[in-house]
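Hi,

Here is the model I promised to pass on. Have a look at it first, and my notes follow below.

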Amino acid sequence: MSLYNLNTSISYLKGVGPNRADLLKTELGIHTFGDLLNFFPNRYIDRTQFFKINQLQQNYSEIQIIGKITNIKTVKQKRGSRLVATFRDETGFMELVWFRGIKWIKDAVKINTPYVVFGKVNSFNGVVTMAHPEMELLETYKKSLRTAMQPIYASTEKLTNKGISNRLVSKMIQHLFKELGLEFKETLSKSIIDNLDLISKSEALFNIHFPKKQELLTKAQQRLKFEELFFIQLQLIRKKIVRKAKIKGFNFEKVGEHFNNFYKNKLPFDLTNAQKKVLKEIRKDIGSNAQMNRLLQGDVGSGKTIVALLTMLIAIDNGFQAALMAPTEILATQHYNSLVELLKGMNISVKLLTGSVKVKERRILHAALESGELDILIGTHALIEDKVKFNNLGIAIIDEQHRFGVAQRSKLWQKNELPPHILVMTATPIPRTLAMSVYGDLDISVIDELPPGRKEVKTAHRYDANRLSVFKFLKEEIAKGRQVYIVYPLINESEAMDYKDLMDGYESISREFQKPDYQISIVHGKMKPADKEYEMQRFIKGETQIMVATTVIEVGVNIPNASVMVIESAERFGLSQLHQLRGRVGRGAEQSYCILMTSFKLSNEAKIRLNTMVETSDGFKIAEVDLKLRGPGNIMGTQQSGALNLRIADIVKDAQLLKTARKFAIDLLTVDPILKSPENIFIRAAYQELSKNSTIWSNIS
Ligand code: ADP
Ligand code: MG
């Protein structure tokens, strides 16, 4: 029986000691034996292959050669000196070079004794060299536990400088296995292991660190990736179940007069099947006794607003108030106007609350809200100020979810003794795999169908040099009565450069499109809300034909007659932003266009983004490309998620496995919600252990 277990401090491991233990803790977060055991290699080098010196070319990295050192000498140079050894095999010679640790190496090296050297090859003046090679006597190499597939562990500059090399880490892990043995607690049930043909936990742990061959490594990775994803899903789904059981919500029992009247007499079109499906999902939620917490995804133009309105009508039918929150004043105003229009002739009171509502008006509004006289309140952040008190808020709908923090969301909850139902609407399509990992505890609805009759926006990429022909095209479209957006990047509000670009652009457009034939609106973030609104209104009313803007128009604005979107410096925008912007056009009956303007100089990534935009208008496909380009941590709205701090799995590459893991987690919890069945005893123990202390779990929102 070993004195050690997984919780033993790493400083007790042979070869570690207090100093190295400190480094391991601060640099890699390794505190215990268990942490080190679960510190998996990043990659592996195939050390089954040996090279001969006469096969070497420049820039071979990480190769190994067997040979002997025949000569070693110190060479003085301008600053310090270097150690140079001549290394030979039967095909030729090369040089091994050291710049540090010279004295130590010179003493330790054995002349004319076979070594295995390993490292990156370079060539200087026709001589092949390897700097700071890893070296091992051939004899020792043959005897070592180290395997053909050599694991490479993550490291940091500090660790390297303090001499904690990859080889040393490998050694530590060898000691670890010697101390702990080869048997580790199983964490999955027999049925899952059999079902997916997985190897055992013990086998997986051994083979992830010491794979003898590729097949075993693949098996080990498969098992450990599955396990990681499975336990995250288990946690997320458990959380959802608990939330549904614990957080009581208002029960909107009936669909009443307002809803039915609107549906029969006012609805200006038939709902798409996707809208009907989503509405059904929502109705099921709000008609149960649990609080709804649902994310509604739908591409730009898919018709989320009407779903929001119908949902609010159900709340009103049940005697409750409803709130709709938008990220910008322009959007809130637009929602307000279209809702007022839609609800004309119905006995429902709607008000708008934004930063620019005057104090006096605001007071009246507050009073009406508190007395319950007001049915629907639409607004910006102003909605969640402390002074705003609802009489009985039944549902809060948040448009464009990524603009609001979670803290703000929960603030909305506190207006009542019971939390209102929450519906978060987003036009940023989140790839399924990402949604599963980040929002796995929310319910998700998707509107995956556009209203009928939409024409796909024709998208083209043009270089700045073709500007004249682009202007000509714009004039033709304007002559047909269309309106045009010209958007400039504004990556950083305070970036003076960006404003200069915008203003320069505005000037040259004004020269090209002169009054009185052409009228131009301009909108940007530094303008006063009232001025913005004025310019916006001129465009909406069709008094201006061109809207020059920064990305303030990114979200939600709906002007069907605007059918051309020109995006300047399109290479500076991310994919999701480009997609959002393009969504501003294609809302009317006319053919719409999106023109992506760039300079000739483009990075490879920018080229991929532009091509993707030209090739597809499917928001989910675009989001998948975005995820692949930028990795999960950079996708809008997911940065804070701990569910993305994965040890070994990769939600992009292991998407299929993730789906499998989620399915198994759901199936398991459906049958055994509190993991009490004897066959799930290992899962239960592992789950409890993970929930207790691992960092992966602590910051799942
Ligand atoms: P988004 O999902 O981007 O918020 P909107 O709700 O603004 O989309 O809807 C975009 C446009 O499509 C609006 O003009 C709306 O009236 C219209 N629309 C929504 N649903 C339908 C439908 N089922 N049939 C026809 N037009 C629809
Ligand atoms: Mg919208």
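How far does a polar side-chain atom of T305 lie from an oxygen atom of ligand 1? The distance is 2.6 Å, which falls under polar contacts (pairs of N or O atoms within 3.5 Å; within protein, one must be able to donate a hydrogen and the other to accept it, and residues adjacent in sequence count only if both atoms are side-chain atoms).

Before the rest, some housekeeping. This is a predicted model, where local features need pLDDT of at least 70 and side-chain atom pairs count only at pLDDT 80 or more, while totals for chains, interfaces and linings use all residues. Residues are numbered from 1 along each chain as its sequence is written, chains are lettered from A and ligands numbered from 1 in the order in which they are written, and side-chain values use heavy atoms, with hydrogens and water left out.

**The ligand**

Back to ligand 1. A polar backbone atom of G301 is 2.6 Å from an oxygen atom of the ligand, and an N or O atom in the side chain of R587 is 3.5 Å from a ligand oxygen. On its own, ligand 1 has 560 Å² of accessible area, and the protein covers 79% of that (Shrake-Rupley method with a 1.4 Å probe; for residues, only the protein chains shown count as cover). There are 16 residues around the ligand, and D270, G301, K304, T305 and R454 come nearest; a residue is near if one of its heavy atoms lies within 4 Å. The shell splits into four nonpolar, seven polar and five charged residues. Here Ala, Val, Leu, Ile, Met, Phe, Trp, Tyr, Cys and Pro count as nonpolar, Asp, Glu, Lys and Arg as charged, and the others, Gly among them, as polar.

**Overall layout**

The chain has 25 helices and 22 strands, both taken as DSSP runs numbered from the N terminus (helices H or I, at least four residues; strands E, at least two). Its C-alpha trace spans about 100 × 70 × 45 Å along the principal axes. Of the 701 residues, 51% are buried, with buried meaning under 20% relative accessible area, exposed over 50%, and partly exposed in between (1.4 Å probe, protein chains only).

**Strand β22**

Take a look at β22 (residues 593-598): six of its six residues are buried, so the strand is largely enclosed by the rest of the structure. Y593, I595 and M597 point one way, and C594, L596 and T598 point the other way. Strand β17 (residues 458-463) runs parallel to β22 and is joined to it by six bridges; Y463 stands opposite T598. Strand β21 (residues 562-567) is parallel to β22 too, with four bridges, and there M565 stands opposite C594. Strands count as paired if DSSP finds at least two bridges between them.

**Salt bridges**

Side chains of opposite charge can pair when their charged atoms come close. The structure holds 27 salt bridges, each being a side-chain nitrogen of Lys or Arg within 4 Å of a carboxyl oxygen of Asp or Glu. Here are a few to click on:

- R294 and E281 have their closest N and O atoms 3.8 Å apart. R294 is in strand β10 (residues 293-298) and E281 in helix α11 (residues 273-286), so this pair ties together parts that are 13 residues apart in sequence. R294 is buried at 8% relative accessible area, whereas E281 is partly exposed at 25%.
- D667 and K663 meet at 2.8 Å, N to O. They sit four residues apart in helix α23 (residues 655-671), about one helical turn.
- D464 and R467 come to 3.2 Å between their closest N and O atoms.
- E186, K201, R223 and E227 are linked in a network of salt bridges.

**Loops to check**

- K515 and P516 are joined by a cis peptide bond, with omega about 0°. P516 is in the loop between α18 (496-512) and β19 (520-523).
- N112 has a positive phi of about 55° although it is not a glycine. This residue is in the loop between α3 (102-108) and β5 (114-119), and N112 is partly exposed at 48%.
- D197 also has a positive phi of about 55° without being a glycine. D197 is in the loop between α7 (190-196) and α8 (201-209) and is exposed at 54%.
- I384 is in the loop between β13 (376-379) and β14 (393-399), yet I384 is buried, at 7% relative accessibility.

Cheers
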